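Dear colleague,

Please find below the structure that I am handing over to you, with its sequence. My findings follow directly after it.

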Amino acid sequence: MDPEATASNPQSPSNPPEDGPAIDAPIPAPTGAPALSKNARKKARKAALFAERKLERRAREKEMKKEKKRQRAERIAAGEQVEEDERARKRAKMGGPKTPFAARVVLDLGFDEKMSEKEITSLCSQLAYTYSANRRSPTPFASLLFTSLNGRTLTRLENMNDAGYKRWAGTEWWTGSYDELWSDKRDTLEEGRSTIAGGEEADEVPVEGDARPPRAVATKESVVYLTADSPDELTELKEGDTYIIGGICDHNRYKNLCLDKAKASGIRAAQLPIGRYLSNLPTRKVLTVNQVFEILVSWAETRNWEQALYTVIPKRKFQGGGTGIHAEEEEEDENDASEEDVGPVADAV
């Protein structure tokens with residue numbers, strides 16, 4: 001090789017530039033975390049898009065509020081009589097007279113080990129929606145009992161809103177199972193009543209007279225476990241009875257799970273009468289935990305299954321051409337658009 005040619009060509013392989021590697025040198029692979037899979041990249045793009053759209057939605061909502069305030073001020077200046085704003089009406093509705101329905105709903109949380117982290121997160125959000133639905137109802141259930149509170153579900157609730165679940169009025173929380181409702185060992189159970197891991201009181205809401213409410217009790221004959229796998233159909237709700245909703249997000253992975261649990265406990269099981277009143281429902285009949293509860297509390301108000309079902313079940317489930325798989329995917333997409341990733345499934349219809 002001509003040494004002069006080499007010297008005149010500073011980019012040649014034998015004479016690389018001083019400030020960098022030779023052009024023909026291989027580019028080293030990036031170090032650090034392994035490359036994401038196609039599915040992981042898809043989820044990451046979806047999360048980024050949701051975050052971007054969320055900011056856009058918040059901006060639009062702020063502009064809409066400003067516009068409403070401006071229009072309201074103009075109407076007042078023009079001498080019009082302006083109604084109370086929507087928030088005031090909602091407060092008045094929630095603070096209106098209530099007629100409690102003298103029955104109990106139990107949320108059985110004894111499925112912690114059967115769910116993923118995402119499903120645990122979804123379940124805890126559904127518990128909050130359930131409490132909110134009962135609080136808003138003009139005919140709320142007299143008692144909400146959450147049993148088998150342990151593990152990751154407890155950890156998630158502790159981390160939500162500074163353990164806000166402890167301030168839910170009219171609720172009771174047990175680390176033990178729902179079968180303690182009729183247990184003969186009431187004296188020993190009373191020592192651990194309504195407590196969570198660590199011995200901290202779970203129901204720290206103010207109680208009139210500063211007295212602690214009595215521990216919930218029920219007879220086996222008055223308890224019904226709601227599950228779609230039961231051949232029996234629920235015809236009505238009865239005051240004095242207790243209705244159990246399985247608090248599990250499993251997307252139908254576990255068949256007969258709640259039914260087998262009810263049989264093992266020696267209690268009745270029944271399904272909601274969806275097939276009787278909504279025979280034209282083209283998609284699957286599995287609902288979220290709070291939807292099941294909302295159907296119950298709506299029935300307590302209207303005493304009409306058809307009205308309660310049509311009020312609660314999402315309208316998208318009545319659109320033809322759907323299948324169980326597509327409905328599942330659609331629900332998950334909708335859940336991804338919520339702030340708390342809501343989407344547990346209740347085996348209760």
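Helices (H or I, at least four residues) and strands (E, at least two) are taken here as DSSP runs, numbered from the N terminus. The model is a predicted one, in which local features need pLDDT of at least 70 and side-chain atom pairs count only at pLDDT 80 or more, while totals for chains, interfaces and linings use all residues. Residues are numbered from 1 along each chain as its sequence is written, and side-chain values use heavy atoms, with hydrogens and water left out.

**Overall description**

The protein has 11 helices and six strands. Taking contacts (heavy atoms within 4.5 Å) between residues at least 6 apart in sequence, 76% join residues at least 24 apart.

**Confidence**

The pLDDT is the predictor's confidence in each residue, from 0 to 100. Its mean over the protein is 76, and 66% of the residues reach 70 or more. Among the elements, strand 4 has the highest mean pLDDT (98) and helix 11 (residues 324-336) the lowest (35). Residues 3-8 have pLDDT below 50, and the model gives this stretch four contacts beyond near neighbours in sequence. Residues 191-211 also stay under 50, with 42 contacts beyond four places in sequence.

**Strand 4**

In a regular strand the side chains alternate between the two faces of the sheet. Strand 4 (residues 223-226) is covered on both faces: Val223 and Tyr225 are buried on one side, Val224 and Leu226 on the other. Two strands pair if DSSP finds at least two bridges between them. Strand 4 pairs in the parallel sense with strand 5 (residues 242-246) over four bridges, and Val223 stands opposite Thr242 there. Strand 4 also runs parallel to strand 6 (residues 268-270), to which three bridges join it; in this pairing Leu226 stands opposite Ala270.

**Ser148**

Ser148 lies in the loop between strand 2 (141-147) and helix 5 (151-159). Ser148 counts as buried because its relative accessibility is 13%. Leaving aside residues up to four places away in sequence, Ser148 touches Asp108, Leu109, Gly110, Trp174, Thr175, Gly176 and Ser177.

Yours sincerely

Methods: Buried means under 20% relative accessible area, exposed over 50%, partly exposed in between (1.4 Å probe, protein chains only).
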